[in-house]
Amino acid sequence: MAKKTVVKVEDFGSITENEAKSLTEGWMDFFDRLKSYAESGENSRYLWSQEISLSAWLPEQSKDQTISSIFPVQNWQNEFPDAEITQIESDASRSVWRLKEKDWKAETQVTASLRNVRSKNYLTIYHDGWEDILELPLNVAQRRRYAGTWRRILPKAEAQTTPQKEKIQLQLLATDDKGGSDGAISHDGKYFVTSSKRTGNLELWLFDITQKVWTQLTNDPGDDFEPQWSPDGNQILFTSTRTGNKDVWILSIKDKSLKQLTDDQEDDEYPSWSPKGDLIVFSGGSWGEREIYMLSLTEGSKPRRITERAGYAGACAFSPEGDYLICHSYEAGNGDIFKQTLDGQLTWLTGEKNSLKTGTKLSWDYKPTVSPDGKWVAFSRSEDGPTNIWIMPSSGGTPEPLTVTNSNDRWVNWAAGNRLFFSSYCR
């Protein structure tokens, strides 16, 4: 009997799509070389072994899974139809099978286990090799089949270590050939508000998604745009030029009454509500000296600057708990996304400044917003072409595109149930 050598292929880190791909490629390379050895006997950079242990971190969605749901006995029966399979041990975190190939008169044991490490599931698959297999006079066909039994384990592990993407369904809500590029959906998903030049200049219009009915909300010679719903759904926060430059206003949906919130010589824009509806945040100042301001809606309150670096501040949105802001900036000559706590601590999420190193390609990332469950940040990105909607974990990570079109997809925001709303237009 040849001396056993244990080969381990492990991934010590949070599994992302790129890491899963790299891990899979590593496994495939190993199995290809193992198969080559089994068929030809030629040496490779891997030592021959009868034992192999495959280990990997599972994606977050696996946290409620058990071993029996990942590796049911039926799967092994399907993959080894000529084997007599006996389950030796089975519980929520560990299963052991004994496989006996009838025509080979050889046996092996497969163990699969789950361990909770640092609040994540760690999957290990252990195949102890076919006993006495090296003592058998195998021909080439049998050697290939032997190597194949090792390869059959790979798809099971691979499926669990590759994050499964949810299917995305797009629904066209309405079209407006005079529409602006902004818009916001109500938190209950029943209405959206947007700007439109139907009457000549930009005014706010409300669309009833169920009834398919448009209602004009504002009517002024100035432009009204960048609408945002209040948490209770009764008011609209927006930017208007009705006093000359850009200022922030509130509109009551019930009686169409208006209230001006800012009155500054420089432009104030990109307003957004806090989760409780008692604060707003907006960008103000001349270009190149813009700051982010917060304003309490208590009567008599004045805007308070919450950034300390005059620059090219863009739009901000509150987190669901109201404990931080997610914003964009044009400081680096392109658009970048950053997270800022209310006491001023800042973390870059995209761009060359980001501490998480989530990409270096020059792109314009702007108008970010956080999902209702706080786990995701959606934003618009342009890379020398049309603008599309991208998404990334709010804790940092690799951004991925949600839309890939020739249109410009912008002003993304969330409704209940982590549903996304955005405006799409062609130039």
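User: Which residue in β24 is the bridge partner of Tyr366?
Analyst: Ser380 is the bridge partner of Tyr366. Keep in mind that this is a predicted model, where local features need pLDDT of at least 70, side-chain atom pairs count only at pLDDT 80 or more, and totals for chains, interfaces and linings use all residues. Residues are numbered from 1 along each chain as its sequence is written, and side-chain values use heavy atoms, with hydrogens and water left out.

User: How many bridges do β23 and β24 pair over?
Analyst: Five, in the antiparallel sense, with β24 covering residues 376-382. Strands here are DSSP runs of E with at least two residues, helices are runs of H or I with at least four, and both are numbered from the N terminus. Two strands pair if DSSP finds at least two bridges between them.

User: What order do the strands of that open sheet come in?
Analyst: The order is β23-β24-β25-β26, four strands with antiparallel pairing. β23 and β26 (400-401) are the edge strands, each pairing on one side only.

User: Which residues lie nearest its centre?
Analyst: His187, Gln228, Ser272, Phe318 and Thr369, out of 31 lining residues. β27 gives the largest share of the lining, five residues.

User: How does that lining divide by residue type?
Analyst: Into 21 nonpolar, eight polar and two charged residues. Ala, Val, Leu, Ile, Met, Phe, Trp, Tyr, Cys and Pro count as nonpolar, Asp, Glu, Lys and Arg as charged, and the others, Gly among them, as polar.

User: Switching to Leu279: where is its place?
Analyst: In strand β16, residues 279-284. Leu279 counts as partly exposed because its relative accessibility is 23%; buried means under 20%, exposed over 50%, and partly exposed in between (1.4 Å probe, protein chains only).

User: And what is Leu279 in contact with, leaving aside neighbours within four places in sequence?
Analyst: Its contacts (heavy atoms within 4.5 Å) include Ser272, Phe318 and Met294. The C-alpha atoms of Leu279 and Met294 are separated by 6.9 Å, with the two residues 15 apart along the chain.

Terms used. 1 Å grid on protein atoms, 1.4 Å probe; cavity = no way out; pocket = protein on both sides within 12 Å on 5 of 7 lines; lining within 4 Å.
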